[in-house]
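Here is a short report on one model, for reading beside the coordinates. Please keep the viewer open as you go.

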Amino acid sequence: MYRAALSRFRALKGRTGNLTAARYSTSSAVAALDTPLDGVSLPPPLPDYVSPSETKIKTLSNGVRKSSELLPTLAASIGLFINCGSIYETPISSGASHLLERMAFKSTTNRSQLRVVREVEAIGGNTSASASRECMTYTCDALKTYVPEMVELLIDCVRNPAFLDWEINEELQKMKAELDEVLKNPERLILEAVHSAGYSGALANPLLASESAIDRLDSGILEEFITENYKGNRIVLAASGIENEELLQIAEPLLSDIPAGPQPKEPKSVYVGGDFRQRADSLSTHFALAFEVPSGWNNEKDSVTLTVMQMLMGGGGSFSTGGPGKGMHSRLYLRVLNEYQRIHSFSAFNSIFNNTGLFGIYGSTSYDFVSKAVDIAAEELLLLATEGSVSRLMIKRAQEATKSAVLMNLESRMIVAEDIGRQILTYGERKPVHSFLKMVDEVTLQDITNMAKKLISSPLTMASYGDVLQVPNYESVSGKFRAK
């Protein structure tokens with residue numbers, strides 16, 4: 001069968017070759033491709049420069065801020081961003097933001113959960129919610145023609161949750177299962193632990209509800225938490241892909257009666273440093289070394305420098321890095337992952353808030369190599385604070401990678417909406433992207449060195465999970481940085 005098919009193919013190939021030769025022999029009679037066609041008019045050429053879309057902001061009488069940016073897309077993304085997270089929890093309401101995230105888009109006083117699901121399906125939409133330490137986020141994404149439905153559904157789900165007992169109990173059971181799953185994800189556990197160990201005060205509040213909090217949470221606690229924190233002057237409605245006036249016309253009647261409330265005072269957090277260790281039966285031992293970023297997002301120069309620094313350090317896993325060139329040029333990949341095959345993962349991380357933050361190195365390795373791996377992490381942080389340890393080529397590469405990552409992320413309309421909402425909550429405005437790119441280009445070798453020196457001058461925070469008996473003690477590791 002295959003032989004017959006092959007002979008048939010050869011016969012066709014011979015005929016095709018003759019036709020091709022004939023075609024090229026008469027090609028001189030064919031008109032050039034740039035010859036104008038009769039009766040066909042060409043559209044005007046695109047301009048050499050297209051100004052970026054403007055982000056417009058409108059503040060309602062009760063303090064709710066509404067902002068949008070028109071994008072040339074067929075769909076729109078809309079989000080409600082609230083200056084409220086786990087830092088505003090009290091010992092009684094601990095875990096409320098975690099439960100609110102899971103209760104998003106459940107039954108409201110106007111809709112059942114089934115109706116919410118059916119309405120989202122009818123418009124082909126996507127909904128999501130997330131809770132962080134400083135912000136609650138609710139988003140909806142669908143075609144532009146359904147913007148009125150999206151806005152009304154989103155606001156109803158945030159403003160009028162029913163908090164039915166059976167729905168709360170169902171989500172509490174899922175939260176207990178989630179806690180069990182976290183134990184199977186040591187990296188998430190470690191990154192959560194550096195906050196609880198490193199801070200005293202609001203930022204030490206757990207992002208995941210503890211078992212004791214899960215047993216205590218109920219509808220009354222959620223309703224009180226929302227009443228205290230979901231005030232007009234702490235809410236931003238942000239959208240991408242829609243005209244500002246259209247958004248205002250739809251949203252203002254639905255948001256204008258939210259109580260304004262007093263100007264919120266962010267709960268106090270003090271960075272103190274510390275040590276967290278959890279012994280567990282694990283194939284790998286995981287650890288993190290972290291230091292304070294003293295200024296947070298409110299110091300733009302420092303936060304941009306830190307962003308470039310993380311890109312410079314990079315790192316990742318010892319296997320499956322995502323393809324040639326992805327992360328392989330970073331310091332931690334070249335200097336650590338390429339040199340020490342017993343290290344499973346090694347990467348820089350940061351967690352930045354409005355007025356403070358954390359920067360450090362996370363790693364995982366076998367239990368009998370963890371002492372050496374911790375020493376390597378300390379050495380890399382110390383080298384970063386040493387004059388001449390970073391070349392201009394490395395900085396340039398990190399700057400270009402930072403700009404590339406930001407610009408590619410902003411191609412997503414959902415990320416654009418989130419960027420608008422979070423910037424307005426932090427700065428009261430959305431800063432243009434070109435100003436951020438300019439600040440990235442202005443980062444110097446000395447800026448990186450000074451930032452690293454500032455970091456390691458703060459108390460050390462350590463966290464480890466697994467066979468922690470092999471992890472060096474806190475004093476010995478901290479002493480390496482004090483000697484510097």
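Start with a pair of charged side chains. Arg422 and Glu418 meet in a salt bridge, at 2.9 Å from N to O. A salt bridge here is a side-chain nitrogen of Lys or Arg within 4 Å of a carboxyl oxygen of Asp or Glu. The two residues sit 4 residues apart in helix H14 (residues 413-427), so about one helical turn separates them. Arg422 counts as partly exposed because its relative accessibility is 30%. Glu418 is also partly exposed, at 32% relative accessible area. The cut-offs are these: buried means under 20% relative accessible area, exposed means over 50%, and partly exposed lies in between (1.4 Å probe, protein chains only).

The model is predicted: local features need pLDDT of at least 70, side-chain atom pairs count only at pLDDT 80 or more, and totals for chains, interfaces and linings use all residues. Residues are numbered from 1 along each chain as its sequence is written, and side-chain values use heavy atoms, with hydrogens and water left out. Helices (H or I, at least four residues) and strands (E, at least two) are DSSP runs, numbered from the N terminus.

**Salt bridges**

The structure holds 32 salt bridges.

| Pair | N to O distance |
|---|---|
| Arg422 and Glu418 | 2.9 Å |
| Glu171 and Lys106 | 3.0 Å |
| Arg159 and Asp257 | 2.6 Å |

Glu171 and Lys106 link distant parts of the chain, 65 residues apart. Glu171 is in helix H5 (residues 165-182), and Lys106 is in the loop between helix H2 (96-103) and helix H3 (113-122). Both residues are buried. Arg159 and Asp257 are 98 residues apart and also link distant parts of the chain. Arg159 lies in helix H4, Asp257 in the loop between helix H9 (244-255) and strand E8 (269-271). Arg159 is partly exposed, at 31% relative accessibility. Asp257 is exposed, at 52%.

**The sheet**

What is the strand order of the open sheet? Its 6 strands run E1-E2-E7-E3-E5-E4, with mixed pairing. Two strands pair if DSSP finds at least two bridges between them. Strand E1 (55-59) and strand E4 (126-131) are the edges, each pairing on one side only. The twist averages 15° from one strand to the next. Strand E3 (residues 75-82) pairs with strand E5 (residues 136-143) in the antiparallel sense, over 8 bridges. Phe81 stands opposite Thr137 in E5. Helix H4 (residues 147-159) lies across E3, E5 and strand E7 (235-240), at about 20° to E3. Axes are lines fitted to C-alpha atoms, for helices over the stretch in contact, and angles run from 0 to 180 degrees between N-to-C directions.

The largest nonpolar core has 74 residues. Such a core is a set of buried Ala, Val, Leu, Ile, Met, Phe, Trp, Tyr and Cys residues joined through side-chain atoms within 4.5 Å. Leu100, Tyr138 and Tyr230 have the most contacts inside this core. H4 gives the most to the core, with 8 residues. A second, separate core of 48 residues includes Val293, Ala373, Ala377 and Leu384.

Leaving aside neighbours within four places in sequence, Leu100 is in contact (heavy atoms within 4.5 Å) with residues including Met136, Tyr138, Phe163 and Tyr230. H2 is mostly covered, with 6 of its 8 residues buried. Among them are His98, Leu99 and Leu100. The buried residues of H2 pack against E4, E5, H5 and helix H8 (219-229). Phe105 follows H2 and has a positive phi, near 60°.
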